[in-house]
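Subject: Structure handover

Hello,

Please find the structure below. My notes on it follow.

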Amino acid sequence: MAVRNQLIHRLPPAVWTVLADPNCYGEWVVGPSESTPLDQAWPEVGSQLLYTVRLGPWSTEGVTTVRHQVAGRELELEAAFKALGTARIFLQLRPWGEETLVVCDEHPLRGLGGALHNPAVEALLQLRHRGMLARLAKIVEQRDEVGHA
């Protein structure tokens, strides 16, 4: 199970504002190049985003579904990526003084990704999380500086 932490130099409401914005998903999640809400309820349980992953001329789509959320504190997603199966991504926001500790926990849930899960995949997930959480921190901190959050 790949677990990674990131300290973001803003309070939890500023972080939640970005997580709750379905149009930002493709900006902070490593992999998707675009995301489109499939309904107007994001991040309510059951709401979904369609995302596109591009690699050179190749592209494919997947769907991310909110499985659990506690507004301002927790967001648990199931990302489905066709033949690879699904993954569970759990983001928890913990107040840390005047900052926020974001804990990201991801692991394969169903399909080929779960069957092929091994230490090498764990290492790749850690690299992905490092980039993803750094992107999230940058977006939150820049938005907050210009007064969007």
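I start with the hairpin of E4 and E5, which has three residues between its strands and in which Gly72 takes a positive phi near 80°. The model is predicted: local features need pLDDT of at least 70, side-chain atom pairs count only at pLDDT 80 or more, and totals for chains, interfaces and linings use all residues. Residues are numbered from 1 along each chain as its sequence is written, and side-chain values use heavy atoms, with hydrogens and water left out.

Strands (E, at least two residues) and helices (H or I, at least four) are DSSP runs, numbered from the N terminus; two strands pair if DSSP finds at least two bridges between them.

E4 and E5 (residues 74-80) run antiparallel and are joined by seven bridges. Gln69 stands opposite Leu75 in E5.

E4 (residues 58-70) is also joined to E3 (residues 48-55), by eight bridges, and these two run antiparallel. Val53 has Thr60 in E4 as its bridge partner. The hairpin of E3 and E4 has two residues between the strands, and Gly56 in the turn has a positive phi of about 65°.

Helix H1 (residues 12-19) has six of its eight residues buried (buried: under 20% relative accessible area, 1.4 Å probe, protein chains only). Those buried in H1 are Pro12, Ala14, Val15, Trp16, Val18 and Leu19.

On disulfides (a pair of cysteine sulfur atoms within 2.5 Å), the count is zero. The sulfur of Cys24 has its closest cysteine sulfur in Cys104, 17 Å away, which is too far for a bond. Cys24 is buried at a relative accessible area of 3%, and Cys104 is buried at 0%.

Regards

Conventions: Buried < 20%, exposed > 50% of the residue type's maximum accessible area, 1.4 Å probe, protein only.
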